Amino acid sequence: MKRQKSQKAGGVLIVYLLFFMVFGSINIHADEIQKAVYMEIEGSESVAYLVKEINSLEKPYNYLIGTTTFPAIEILGVMAALGALAFGLLHGFGRFLAGRKIPLFLEEVGKDHIYGWITRMGHWLNALTVLGLLGSGFIMHYMGPDHLSGYIHNQLGYFLLTQYILFLIYEIATGDIKQFIPQLWEIKEGILKQALFYAIGIFKREEHPYHMKKDNRLNPLQKPAYFSIMFGLMPVVVLTGFTLLRPDIMGFLIGWIGGLENMKYIFILHLISAFGMLAFLIGHLYLASTGDNVKQHFEVMITGFHRIYKYRLKD
Ligand code: HEM
Ligand code: HEM
């Protein structure tokens, strides 16, 4: 049993490394192209980055990172991120006040194993990569591209693409994808019940309506939320990013949007999805703190174990 487990772990690691090697080798090639573009602009004050033919593609880009902005997208994007932040701060303050008004004692009555190491490792690698992409991406967007953030963004871009492909393979091959799909009863009543809990019950210090189980770990609201992030937003950000990085490979998509002069639409989509990722991450960080206590959900994603509590009123 132990041997089977370690063989499985070894297999996953090898697949991971193979993927990384394949994408890594393409990356060396892409990096050379990027380098050529960077050299063109070295020393010049106005950044002509990307306003140049890349590889065998003939027409120039009509988009300057750090210079071309779209006020409507900037405003909506920043508002979405600030909205998520304001929600977290207000809701969190409400919970803090409720905690003082109705002090509870949480008695630990058990512990369930929920997450295996592959999901946990995958999640934290994904989280770190997305954080790095957000940092380097928005530095480029607001301050113009520079060698370091361009380089970091490109490397992490390949890394995220690799991880995402592995995630899809894992989810489909193991059938874990079912965990993200709400059942009929959840759509009919579960989502509403969970939403009402976040809106009202949590401030009355009621118990969570649904509890984590290994084969059904996400609550009815988390399922559609995580589904739309992992199978909606992620593919958009990864595909548009890859198209910006390797337009030569993604020629079919570029042909479809009407050629390189329309590349700005890919940039716009990449930017919108980047803002989406930022807003999601802020909301996600806050909502992850709404377990029975603040650390419960962070702990389960670190150790794999979910602590089960019984609520008692403090005398
Ligand atoms: C969560 C994931 C990601 C975020 C938040 C993000 C964010 C950004 C942002 C904000 C920009 C600047 C865009 C602009 O000024 O209009 C950018 C540019 C870019 N992104 Fe991403 N990105 C992500 C993933 C990726 C991925 C997966 C790839 C590649 C596979 C990628 C490749 C690029 C490229 C090539 C550029 C143009 C600048 C450059 O050549 O370095 N991005 N990204
Ligand atoms: C610093 C960054 C992050 C932290 C601290 C964090 C924390 C957590 C925690 C504590 C959980 C546990 C369960 C729960 O939601 O209640 C979780 C689950 C999850 N997180 Fe994150 N997260 C981060 C970034 C991300 C990013 C960038 C993504 C996706 C783009 C993501 C996607 C998910 C998904 C899909 C789950 C559910 C996992 C499953 O049950 O399969 N997280 N995260």
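How many nonpolar, polar and charged residues are in the shell around ligand 2? Point 4 has the reply.

1. First, the ground rules. This is a predicted model, where local features need pLDDT of at least 70, side-chain atom pairs count only at pLDDT 80 or more, and totals for chains, interfaces and linings use all residues. Residues are numbered from 1 along each chain as its sequence is written, while chains are lettered from A and ligands numbered from 1 in the order in which they are written.

2. The protein chain has 9 helices and 2 strands; these are DSSP runs (H or I, at least four residues, for helices; E, at least two, for strands), numbered from the N terminus. Follow the sequence and you get α-α-β-α-α-α-α-α-α-α-β.

3. Now look around ligand 2. Its shell holds 20 residues, with Ala127, Val130, Tyr226, Ala288 and His297 the closest; a residue is near a molecule if its C-beta atom, placed from the backbone, lies within 6 Å of it. Helices H3 (117-143), H6 (222-245), H8 (263-287) and H9 (296-303) each supply at least two shell residues, and H3 gives the most, with 6.

4. Back to the opening: the shell around ligand 2 has 14 nonpolar, 5 polar and 1 charged residues. Here Ala, Val, Leu, Ile, Met, Phe, Trp, Tyr, Cys and Pro count as nonpolar, Asp, Glu, Lys and Arg as charged, and the others, Gly among them, as polar.

5. Last, find Asn154 in helix H4 (residues 147-174). Phe242 is 88 residues from Asn154 in sequence, yet their C-alpha atoms are 9.1 Å apart in space.
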